[in-house]
Amino acid sequence: MKKLLPALDLDALRSFVTGIECGSFALAATRLSRSTSAVSAQLKKLEMQCNATLVMKKGRHLELTPQGEMLMGYARRMLELNDETQRALKEELLKGEISIGMQEDFGESLMPGILGQFRRHHPELKIIARVDRQRALQTALDDKTVDMALMWQPDAQIREGRRLGERQLEWIYHPDLDLPALLAKGEPLPLVMFENPCLMRSRATTSLDHAGIPWRVMFVSHSLSGIWAAVKAGFGLTVRTRLGMPGDLRIAGNLLPTLGNLGITLEQTKTDGENLTARAMLGQLMEEALSGLK
């Protein structure tokens, strides 16, 4: 008779996955409502079960070993199947339809993973996703053509949703652009921006005006991918958060005026109860994902 392999501990797998997603087992402990020592003990238990080192610490960052990287894919699938099974047994699989809008910063970096995970957990729920600019999404909320929308928000005025956090705005440029030389010469700073109205464009130009720094919009794009491509090509600087920023671009730091933060809000249409559970679960996934980002 073939010897049975030992079963991996699902709680330990969840601590492992959450720790890597958060970038810190201390943050994972907070999210899982456990002590840091308990999460560390679960990781050690998992490494003993796998007979391998799964995680290494490089400075302040966590790094997966080759065995840890291999385990990660299996661990996510096992946890998803476990969670789907639990919901099915409790008859909590969601049905119906939900529509969600999002601005490009979230649509390109954050939401594909969240929506993919949510769809796998609830295959009978139809999800309609729309990526658009803020004004169009506000109109869609007013018209009730989307149920909820993840957007940038400049202040605390939220209509029918909640604030999920905030992100620091940054001046972003390609290293080939000699920013100190431009500032020393007093030449207008070349900007790469969305067309007006745009919260980040307004924040950028206002801060430069207050600092007495001349500027000129050199490239206007209708898409975020166009913004990144133009900045990489050296057309000029842009203002975004670090969310989804390409790795070969740089932050200007103290060379230019500080821009402050932009809030992130999840706005929702008023409802009489339809899909409230789906909305709440999606909102929780977004909040958790944002809290785990650097």
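**Exercise 1.** Determine in which sense strand β3 (residues 96-102) and β5 pair, and over how many bridges.

*Solution.* Helices (H or I, at least four residues) and strands (E, at least two) are DSSP runs, numbered from the N terminus, and two strands pair if DSSP finds at least two bridges between them. For β3 and β5 there are 3 bridges, and the sense is parallel. As a landmark, M102 stands opposite L150 in β5.

Before going on, note that this is a predicted model, in which local features need pLDDT of at least 70, side-chain atom pairs count only at pLDDT 80 or more, and totals for chains, interfaces and linings use all residues. Residues are numbered from 1 along each chain as its sequence is written, while side-chain values use heavy atoms, with hydrogens and water left out.

**Exercise 2.** Find how β5 pairs with strand β12 (residues 261-268).

*Solution.* Here the sense is antiparallel, with 6 bridges joining β5 and β12; A149 stands opposite E267 in β12.

**Exercise 3.** Explain why strand β5 (residues 148-153) is largely enclosed by the rest of the structure.

*Solution.* Start with the term: buried means under 20% relative accessible area, exposed over 50%, and partly exposed in between (1.4 Å probe, protein chains only). In a regular strand the side chains alternate between the two faces of the sheet. On one side of β5 lie M148, L150 and W152, on the other A149, M151 and Q153, and all of them are buried. Because 6 of the 6 residues of β5 are buried, the strand is largely enclosed.
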